[in-house]
Amino acid sequence: MSSSKFLEAFRSIARSHADTIAYRTSREGEAVTYGELNRASDALAAFLSKRAPEGLPVVIYGHKSSLMLTSFLAAAKAGVPYAPVDVAYPSDRIADILEQIGQPLVLDLSDDGLPCAPALSSQILDANTVRDAAAGEGFCDPRWQVSGNDIFYLLFTSGSTGRPKGVQMPSRCVDAFMDYFQKLFPAGEDRVSFNRVPYTFDVSLFDIIAGLSRGYTLYALESECEQSVAATFEALHKSNLTTWVSTPSFIEMCLVDPAFSPELLPRLDSIVLCGEVLRNATALKILERFPGVNLYNTYGPTETQAVTDILVTRELAEAINPLPVGYLSPGVRAVIRDLETGEALGAGETGEVYLEGNTVSLGYWKRPDLTDAAFTPCAAPDGSASRIYKTGDKGHLDAEGRLFCLGRLDFQVKINGFRVELGDVEQGLASLPAVKEAVVLPAERDGRVTHLVAHVLLDDSASPRDFRAGQKIKAELKHALPDYMVPKKIVFHDEFPLTVNGKIDRKALAQR
Ligand SMILES: Nc1ncnc2c1ncn2[C@@H]1O[C@H](COP(=O)(O)OP(=O)(O)OP(=O)(O)O)[C@@H](O)[C@H]1O
């Protein structure tokens with residue numbers, strides 16, 4: 001009988017470490033053990049196996065809670081794909097997702113209820129109904145569980161580049177991800193990982209898949225804590241964290257406060273970052289603040305899950321700028337293709353990154369057009385059917401096989417006929433001594449880019465942020481970049497807005 005390696009690993013931990021806490025929050029007394037999580041997800045799986053419409057994913061709507069985790073596990077045990085939807089999503093986006101899936105069963109685990117028409121779902125079950133089912137005695141047949149090419153989860157991309165697309169991730173890919181990334185989650189007593197990232201963002205799979213298969217306690221922040229840095233720090237103080245998981249932007253926000261230190265997190269020994277560029281300055285600051293910690297840069301689009309990792313040392317961060325995103329997981333291969341000809345390029349040559357291997361998704365839910373545009377069928381080394389994913393990222397491999405991601409190709413614009421990489425302008429700005437970080441956005445009129453706007457954080461937050469400061473930055477930038485790449489407008493900020501996933505929110509910045 002084929003099975004899910006992840007579920008087997010989780011069940012085995014639940015037997016050997018039944019009393020270990022699997023999930024807890026900063027709220028006193030809010031915790032669930034591995035034994036309880038296993039039992040509750042078995043009972044809910046029995047319920048879902050009768051209630052979930054055949055062939056459709058079940059939508060799990062809510063934020064962070066043990067009931068969310070119970071529901072994910074229950075769906076996988078029942079052989080039903082799950083699609084997490086976060087309460088932070090706007091209602092039209094939620095409606096779009098329900099419509100795209102097509103009348104799914106919805107587990108509404110939110111406090112305020114689903115903010116869109118009930119007619120978009122076949123049935124909506126509230127948190128109390130789900131809790132009652134999870135507290136029941138239903139028998140969970142191990143033969144129901146997802147395995148092989150069965151869809152384990154359906155994650156909708158953020159839609160920053162258009163309408164959200166449902167990435168279908170098969171069970172065998174989740175197993176391959178677990179097999180590889182368990183190494184960042186070494187077994188040990190009382191290991192605690194930071195469950196900060198929303199479940200709708202694939203970076204959360206580090207703690208859900210690698211963490212839960214290793215007996216880690218996932219530590220989540222209550223929603224109220226997420227609203228302020230002071231409350232976040234108070235919660236972190238109670239966390240006992242050993243393993244940090246977040247985007248670089250989120251840890252940068254924490255680093256601004258000197259209280260973010262080993263005194264706050266005395267047990268922290270690993271930091272896993274993913275989802276965005278890890279700047280050298282940030283890496284060095286982390287290593288200075290947390291001496292002895294293992295800092296990992298990891299990379300991967302939702303369509304492939306994370307596929308690279310590298311231990312970032314002080315030596316590496318001082319020697320190579322920008323930092324590599326890492327070595328590829330052994331089941332995955334990267335090919336760099338020329339942007340014009342599509343030809344495969346050699347080491348050191350920059351082009352578009354294509355990924356192929358055992359964690360590449362099957363494509364988008366009910367969108368064969370988009371799937372065909374981004375995925376090419378191919379044969380895996382063992383002869384089985386596989387796919388190559390066209391990432392839309394610019395990058396190169398070095399002679400050692402390390403991958404470098406140099407930004408998204410859709411961050412490329414044309415101004416007066418000149419092709420400009422926004423990432424190159426951002427790097428030019430960030431290399432000026434006065435600039436800590438920069439995001440460059442195109443300003444458009446009638447569908448044409450007229451000029452660039454630079455959004456800037458200054459290294460010294462006390463220095464003046466007036467017209468003259470902007471002129472000075474532009475003058476300095478002209479030494480490094482051609483005139484057409486120099487932004488016309490400089491906007492200073494205290495901090496950049498972040499998306500719910502913890503990435504810099506470029507859409508929100510464009511409104512400022
Ligand atoms: N370590 C990293 N360094 C640099 N860039 C990274 C890193 N990790 C991820 N990325 C970027 O994030 C992308 C993956 O993020 P994600 O799948 O969330 O898509 P997105 O482009 O942010 O938004 P959307 O959901 O709209 O597609 C990668 O393709 C890459 O551009």
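Which residue in β14 is the bridge partner of Thr298? The partner is Asp309. The views below come from a predicted model, in which local features need pLDDT of at least 70, side-chain atom pairs count only at pLDDT 80 or more, and totals for chains, interfaces and linings use all residues. Residues are numbered from 1 along each chain as its sequence is written.

**View 1. Strands β13, β14 and β15 pair through antiparallel bridges.** Strand β13 covers residues 294–299 and β14 covers residues 308–311. Helices (H or I, at least four residues) and strands (E, at least two) are DSSP runs, numbered from the N terminus. Four bridges join β13 to β14. Thr298 and Asp309 form one partner pair. Strands count as paired if DSSP finds at least two bridges between them. β14 is also joined to β15 (residues 326–328), by two bridges. There, Thr308 stands opposite Leu328.

**View 2. Leu44 sits in the largest nonpolar core.** This core has 132 residues. Leu44, Leu48 and Val58 touch the most other members. A nonpolar core is a set of buried Ala, Val, Leu, Ile, Met, Phe, Trp, Tyr and Cys residues joined through C-beta atoms within 7 Å. A residue is buried if 20 or more other C-beta atoms lie within 10 Å of its own, exposed if 12 or fewer, and partly exposed in between, with C-beta atoms placed from the backbone. Setting aside neighbours within four places in sequence, Leu44 is in contact with Thr70, Ser71, Ala74, Val130, Ala133 and Ala134. Contact requires C-beta atoms, placed from the backbone, to lie within 7 Å. A second, separate core has 20 residues, including Val435, Leu477, Val486 and Phe496. In soluble globular proteins, nonpolar side chains tend to be buried together.

**View 3. Helices α1 and α6 pack at an angle of about 55°.** α1 spans residues 5–16 and α6 spans residues 171–181. Their axes are 8 Å apart. Axes are lines fitted to C-alpha atoms, for helices over the stretch in contact, and angles run from 0 to 180 degrees between N-to-C directions. The two helices are therefore oblique to each other. Angles under 35 degrees count as roughly parallel, over 145 as roughly antiparallel, 65 to 115 as roughly perpendicular and the rest as oblique. From α1, Lys5, Phe6 and Ala9 meet Val174, Asp175 and Met178 of α6. By class, this contact has four nonpolar, no polar and two charged residues. Here Ala, Val, Leu, Ile, Met, Phe, Trp, Tyr, Cys and Pro count as nonpolar, Asp, Glu, Lys and Arg as charged, and the others, Gly among them, as polar.

**View 4. An open sheet runs in the order β23-β24-β25.** Its three strands have mixed pairing. β23 (435–445) and β25 (489–492) each have a single partner strand, so one side of each is left without a neighbour in the sheet. The twist averages 25° from one strand to the next. β23 pairs with β24 (residues 448–458) in the antiparallel sense over ten bridges. Arg445 has Arg448 in β24 as its bridge partner. Helix α14 (residues 422–430) packs on the sheet and touches β23 and β24. The direction of α14 makes about 145° with that of β23.

View 5. Not counting residues up to four places away in sequence, Phe404 touches Pro322, Pro324, Val325, Gly395, His396 and Asp398. Leu323 is 81 residues from Phe404 along the chain, yet their C-alpha atoms are separated by 7.1 Å. Pro322 lies in the loop between α12 (314–319) and β15. A cis peptide bond joins Asn321 to Pro322, with omega about 0°.

**View 6. Asp190 and Lys366 take positive phi values in loops.** Asp190 is not a glycine, but its phi is about 55°. Its loop runs between α6 and β9 (192–194). Asp190 counts as exposed, with 12 C-beta neighbours inside 10 Å. Lys366 has phi near 55°. Its loop runs between β17 (351–357) and α13 (368–374). Lys366 is partly exposed, with 13 other C-beta atoms within 10 Å.

**View 7. β18 and β19 form a hairpin.** Five bridges join β18 (residues 375–379) to β19 (residues 385–397), and the strands run antiparallel. Cys378 stands opposite Ser386. Five residues lie between the strands, and in this hairpin Gly383 takes a positive phi near 95°.

Key: Contact = placed C-beta atoms within 7 Å.
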